[in-house]
Amino acid sequence: MSTESIGFLNHESCWTTSRLGDSIRTDSSELHDLDEAFGKLAADELDIAIIPAKIVHGRQMDLLSKGLVVSGAMNQNRPFHVMVSDDRVRHLPRSSIVLSSSKIVRRQLRRLRRDLRVLSPKAWAGINEVELPQEGLEVWMEGLRRSGEIDAFTLSRDSFDKFGLKARRFALWPEPKEAGGSFFLPPIYSDLPLLITREGFPKTRCIELSGEEGLAAWHVMNELFGSESDEMIEGIGILVKHRSISSLLQQAESTRDLALEQSCRDSEGDMLPEETRLMVRIEYVSDDGTRTFRLDKIIRLDNLHGGCVTMDREWRSVFHKLRESQPEHPRWGPASPAFFND
């Protein structure tokens, strides 16, 4: 990789600097925005640009129009958020104030604790009539926590390390640890760096950086939500991982997760053969945290595209129905409002 010129772009959803090895970092340069990355790639000033997937969302057509493609993706190492506080989320005092920049994390926290006051930093600043800092938001929130103005805040795991915060942290795990336990599916595109190159650039020269699991995660997220608005995807939590069928069944049994157990069966109800597959878990949570729609899917690695098409149809058909009010029906009962009305 030392012969390639590499550029990288950082974002709060993914600090690409921490993902580069020391030997690669010495031969790379930091980019300031996506337009600069696209321009340098198109002008042959860069061979590879490492860009957080969150920034690329909504710019796919612009990328293709400049003759650029996604040639790979790094695996998601730590896509989950952590909560900085003096105690775990279940043990925080009633009416504790918790700040989070992620919409899906705020909704998941409300689902777990209805008594918490979960706000975005912007909302809290507006309520208290203080100016929201343009940079250093994480350090600003830690200052509020230390002064007692708030009780806790969340941020990505990599951001916690980047800003060198010296405080207790508690991971918001994407999978439950026990039966009936809480879980926090990561925000979409979290900790997912993409490898952008010119069309025709040999993908074999990206193989040292790219990972199969990361590329599969990008394929799933882009296929299902690539055309959705930013407002919509901010309410989506998604986990994409390589898992064996036996490990999924053990998890389903230990956590009493019927939905996960059913996803390990085929259309006839028989268990899927033992092999490594792609587990995709998606959820949407209502604004107040009281209603959730979750979909689990087990996809064969050699049928990624077909599995995504099937999952996309299932998700959209059910999700759209849940956002529509239901008319009165002689067999199905009286009219009812939409399940999700936010």
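Mentor: Let us begin with the lining of the largest pocket, which comprises 12 nonpolar, 12 polar and 8 charged residues. Here Ala, Val, Leu, Ile, Met, Phe, Trp, Tyr, Cys and Pro are nonpolar, Asp, Glu, Lys and Arg are charged, and the others, Gly among them, are polar. Please note that this is a predicted model, in which local features need pLDDT of at least 70 and side-chain atom pairs count only at pLDDT 80 or more, while totals for chains, interfaces and linings use all residues. Residues are numbered from 1 along each chain as its sequence is written, and side-chain values use heavy atoms, with hydrogens and water left out.

Trainee: What volume does the largest pocket have, and which residues lie nearest its centre?

Mentor: Rolling a probe the size of a water molecule over the atoms shows where empty space is left. A pocket is an open set of points on a 1 Å grid over the protein atoms alone, with protein on both sides within 12 Å along at least five of seven lines, and lining residues have an atom within 4 Å of a point. The largest pocket has a volume of about 780 Å³ (the space filled by probe spheres set on the points, which are joined across faces, edges and corners). Its lining consists of 32 residues, with H11, E12, S101, S102 and L137 nearest the centre. Helix 5 (103–112), helix 6 (121–128), helix 7 (137–147) and strand 8 (152–156) are the elements that give two or more residues to this lining (helices are DSSP runs of H or I with at least four residues, strands are runs of E with at least two, and both are numbered from the N terminus).

Trainee: Which residues lie nearest the centre of the second largest pocket?

Mentor: They are R88, V89, A171, W173 and S182, out of 15 lining residues. This second largest pocket has a volume of about 330 Å³, and its lining divides into 9 nonpolar, 1 polar and 5 charged residues.

Trainee: How many cavities of 30 Å³ or more does a search of the whole structure find?

Mentor: A cavity is a set of points where a 1.4 Å probe fits but cannot get out. The search finds 1 cavity of that kind, and the largest cavity holds about 30 Å³ of space. Its lining residues are S13, C14, W15, R78, S156, R157, D158, S190 and D191. By class, 2 are nonpolar, 3 polar and 4 charged.

Trainee: Is N10 buried or exposed?

Mentor: Buried means under 20% relative accessible area, exposed over 50%, and partly exposed in between, with a 1.4 Å probe and protein chains only. N10 counts as buried because its relative accessibility is 18%. The residue is found in the loop between strand 1 (6–8) and helix 1 (22–25).

Trainee: With the side chain of which residue does the side chain of N10 make a polar contact?

Mentor: A polar contact is a pair of N or O atoms within 3.5 Å; within protein, one must be able to donate a hydrogen and the other to accept it, and residues adjacent in sequence count only if both atoms are side-chain atoms. The N10 side chain makes such a contact with the side chain of T17, at 2.8 Å. It also reaches the backbone nitrogen of T16 at 2.9 Å. T16 lies in the loop between strand 1 and helix 1 and is buried, with a relative accessible area of 0%. A polar atom of the T16 side chain lies 3.0 Å from the backbone oxygen of L9.

Trainee: How many disulfides does the count come to?

Mentor: A disulfide is a pair of cysteine sulfur atoms within 2.5 Å. By this rule the count is 0. For C206, the nearest cysteine sulfur belongs to C14 and is 16 Å away. C206 is buried, at 1% relative accessibility. For C264, the nearest cysteine sulfur is that of C308, 18 Å away, and C264 is buried at 0%.
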